[in-house]
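Subject: Structure handover and findings

Dear colleague,

I am passing on the structure below, together with notes on what was found in it. Please read the notes with the coordinates open beside them.

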Amino acid sequence: RIYIQASYAIKNGVDVMIQTYMQQSPLLDDLLYWNYKSFLRRTLEERKKYGYPPFGELVYLWIRDIQKEKVKDILAKLVNKLEIYRKEHPEEPIFLAYDREIWEKRGGEWIQKIVLKWNDLTLILNYIKTEIVKNRQISMQKR
């Protein structure tokens, strides 16, 4: 997204400022010299190395409710179930990330996000399907 937005702005004569600690970044070189193929090749190599789509699956589970305690309760139950699955299936090193301490509130609802990443998330999603179906507070977004 950054590459497309920045290159579009540059093509239209708009000044672009990118804050970075790496002034010799390959991304900056690709932007300055309009080298989309290099950018794409490097991005796909990184995605493959770290298992991001299209080389792996990425799913966000969103938990929302007007009561913060209810979100905390659902989050704890869901994370516990996911941790049990991970222990029962150590051959599948599923990436699981969430943060109990960072809270977001939008539209009067408290929101928490769980991130799952692995080559094939079908089995783990089937394992937690009942939790997702019975809780209207949980929604899923697949990337």
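What radius of gyration does the chain have, and what value would a compact globule of 143 residues have? The chain has 20 Å, whereas a compact globule of 143 residues would have a value near 15 Å; the radius is taken over C-alpha atoms, and the globule rule is 2.2 Å times the number of residues to the power 0.38. Along the principal axes, the C-alpha atoms fill a box of roughly 50 × 40 × 25 Å.

Before the details, a word on the source. This is a predicted model, in which local features need pLDDT of at least 70 and side-chain atom pairs count only at pLDDT 80 or more, while totals for chains, interfaces and linings use all residues. Residues are numbered from 1 along each chain as its sequence is written, and side-chain values use heavy atoms, with hydrogens and water left out.

Overall make-up

The secondary structure comes to six helices and five strands, which follow the pattern α-α-α-β-α-β-β-β-α-α-β when read along the sequence; helices (H or I, at least four residues) and strands (E, at least two) are DSSP runs, numbered from the N terminus. Of the 143 residues, 32% count as buried, where buried means under 20% relative accessible area, exposed over 50%, and partly exposed in between, with a 1.4 Å probe and protein chains only. The chain exposes about 10,300 Å², of which carbon and sulfur atoms supply 53%; these areas come from the Shrake-Rupley method with a 1.4 Å probe.

Among contacts (heavy atoms within 4.5 Å) between residues at least 6 apart in sequence, 65% join residues at least 24 apart. As for charge, the mean positions of the 26 positive and 19 negative charges are 3 Å apart. Lys and Arg count as positive and Asp and Glu as negative, without His and the chain ends, and each charge is placed at NZ of Lys, CZ of Arg, CG of Asp or CD of Glu.

Aromatic pairs

The structure holds four aromatic pairs; rings of Phe, Tyr and Trp (its six-membered ring) pair if their centres lie within 6.5 Å, and planes under 30 degrees apart count as stacked, over 60 as edge-to-face and the rest as tilted. One of them joins Y85 and Y127, whose ring centres are 5.1 Å apart and whose planes stand at 50 degrees, so the pair is tilted. Because Y85 lies in helix α4 (residues 68–88) and Y127 in helix α5 (residues 122–127), this pair ties together parts that are 42 residues apart in sequence. Y85 counts as buried at 2% relative accessibility, whereas Y127 counts as partly exposed at 27%. Another pair is W103 with W110, where the ring centres are 6.2 Å apart and the planes at 85 degrees, so the pair is edge-to-face.

Backbone details

A cis peptide bond joins P53 and P54, with omega at about 10 degrees, and P54 lies in the loop between α3 (36–50) and β1 (57–65). W34, in the loop between α2 (26–32) and α3, has a phi near 55 degrees, a positive value in a residue other than glycine. W34 is partly exposed, with a relative accessible area of 42%.

Individual residues

D30, placed in helix α2, is buried with a relative accessible area of 4%. Leaving out residues up to four places away in sequence, D30 touches Y3, N35, S38, F39 and R42. L40 is in helix α3 and counts as partly exposed at 36% relative accessibility; its C-alpha atom is separated by 33 Å from that of E104, 64 residues apart along the chain.

In the loop between α1 (2–11) and α2 we find Y21, which counts as exposed at 84% relative accessibility. The C-alpha atoms of Y21 and I114, 93 residues apart along the chain, are separated by 29 Å. M22 is found in the loop between α1 and α2 and is exposed, with a relative accessible area of 52%; M22 and K68 are 46 residues apart in sequence and 40 Å apart in space, C-alpha to C-alpha.
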